[in-house]
Amino acid sequence: MKKFVSMILAAAAIATAPLAAFAANPVTGADGVLRFPFGDTTPPTINCAPFYVCDITLEPGETIQNVAVGDSIRWILSPATSGNAGDTPHILVKPTDVNLTTNLIVTTNRRSYDMSLHSVKNNPMLHVGFYYPQNLAQAFPTPAPSPSPTPMDAVAAAAQLDFRYVATGEHKILPNHAFNDGKHTYLEFNTQLPQMPVVLEVGPNGDQLINYRVKDATTYIIDGVPDRIALVVGSGKGSQRATIWRKV
């Protein structure tokens, strides 16, 4: 009983741990923009098509300082802005033919972007952007700590825990325990993983960013109770993926 109470107290106490930095696959937001993680070791490849314009959106408040493209003859680039104050910079990209490949480097007052451009016949990426894993802690502020529950409070809350989860995928990154308390979902690992996975919510439109924190490198606290969660390590063909879903 004491061990169980300790586990409940620990789950309540770790809600204020900071977010970990990570690298992840691109995700599509509710606005339809395909966002790549900035800072990944492999430059993102953006597929564009003739007779279409690819819109590359940077972070609001950034100021573009320089733009360099390897093939400036067959790739047409134009600057643009959006937002009420015009403070969101865009780069509009249009190839003149298919099967063209070049690179694009954009420097701003905040960072330097390195991208690969490829022209295709079908299925261009019309709206592309970035998300910034190192800034997620600012995007999702850590809530103010609440008073630690007493042992009696923890015992009373035990009945609210839901352990009805199943998991599949890469066994090396599967958690040992998964449960929720109605407000947060907890993923517990016995030991620290060699590489911290990114946590994504699997929705009807694919993977989406989700707010979470990490405590002691072994416990993930996810805001809310999503039905399906993906753990992803790496990107591209060498990535590892596991899926945890709640039985309802």
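A salt bridge is counted here when a side-chain nitrogen of Lys or Arg lies within 4 Å of a carboxyl oxygen of Asp or Glu. By that rule the structure holds nine salt bridges. The model is a predicted one, in which local features need pLDDT of at least 70 and side-chain atom pairs count only at pLDDT 80 or more, while totals for chains, interfaces and linings use all residues. Residues are numbered from 1 along each chain as its sequence is written, and side-chain values use heavy atoms, with hydrogens and water left out.

## Overall make-up

The chain has three helices and 19 strands. These elements are DSSP runs numbered from the N terminus: helices are H or I runs of at least four residues, and strands are E runs of at least two. Of the 248 residues in the chain, 39% are buried. Buried means under 20% relative accessible area, exposed means over 50%, and partly exposed lies in between (1.4 Å probe, protein chains only). A contact means heavy atoms within 4.5 Å. Among contacts in the chain between residues at least 6 apart in sequence, 65% join residues at least 24 apart.

In general, side chains of opposite charge can pair when their charged atoms come close.

| Pair | Closest N to O distance |
|---|---|
| Arg110 and Glu59 | 3.0 Å |
| Arg111 and Glu59 | 2.9 Å |

Arg110 and Glu59 form a salt bridge. This pair links distant parts of the chain, with Arg110 in the loop between β8 (101–108) and β9 (112–119) and Glu59 in the loop between β4 (54–57) and β5 (64–69), 51 residues apart. Arg110 is partly exposed, at a relative accessible area of 43%. Glu59 counts as buried because its relative accessibility is 18%.

Arg111 also forms a salt bridge with Glu59. Here the partners are 52 residues apart, Arg111 in the loop between β8 and β9 and Glu59 in the loop between β4 and β5. Both Arg111 and Glu59 are buried.

Glu62 is in the loop between β4 and β5, and Arg111 in the loop between β8 and β9, 49 residues away. Glu62 and Arg111 are both buried. Through shared partners, salt bridges join Glu59, Glu62, Arg110 and Arg111 into one network.

## Aromatic pairs

Arg111 has a further contact, with a ring: its charged end sits over the ring of Phe38, 5.2 Å from the centre. A charge sits over a ring if NZ of Lys or CZ of Arg is within 6 Å of the ring centre and within 35 degrees of the ring normal.

Rings of Phe, Tyr and Trp (its six-membered ring) pair if their centres lie within 6.5 Å; planes under 30 degrees apart count as stacked, over 60 as edge-to-face and the rest as tilted. The structure holds six aromatic pairs. The rings of Phe38 and Tyr113 have centres 5.2 Å apart and planes at 65°, so this pair is edge-to-face. Phe38 is in the loop between β2 (34–37) and β3 (45–48), whereas Tyr113 is in strand β9, 75 residues apart. Both Phe38 and Tyr113 are buried.

Tyr113 and Phe130 form a tilted pair, 4.8 Å centre to centre with 50° between the planes. Tyr113 lies in strand β9 and Phe130 in strand β10 (residues 127–131), so the pair ties together parts 17 residues apart in sequence. Phe38, Tyr113 and Phe130 form one aromatic cluster.

## Nonpolar cores

A nonpolar core is a set of buried Ala, Val, Leu, Ile, Met, Phe, Trp, Tyr and Cys residues joined through side-chain atoms within 4.5 Å. The largest has 23 residues, and those with the most contacts inside it are Leu187, Val199, Tyr212, Tyr220, Ile222 and Leu231. At least two residues of this core come from each of β14, β16 (212–215), β17 (219–223), β18 (228–233) and β19 (240–246). β18 gives the most, with five residues. Another core lies apart from this one and has 21 residues, among them Leu34, Phe38, Trp75 and Tyr132.

Not counting residues up to four places away in sequence, Ile222 touches Lys183, His184, Thr185, Leu187, Val199, Ile210, Asn211, Tyr212 and Ile229.

## The β14–β15 hairpin

Two strands pair if DSSP finds at least two bridges between them. Strand β14 (residues 198–203) and strand β15 (residues 206–209) run antiparallel and are joined by four bridges. The two strands form a hairpin with two residues between them. Glu201 has Gln208 in β15 as its bridge partner.
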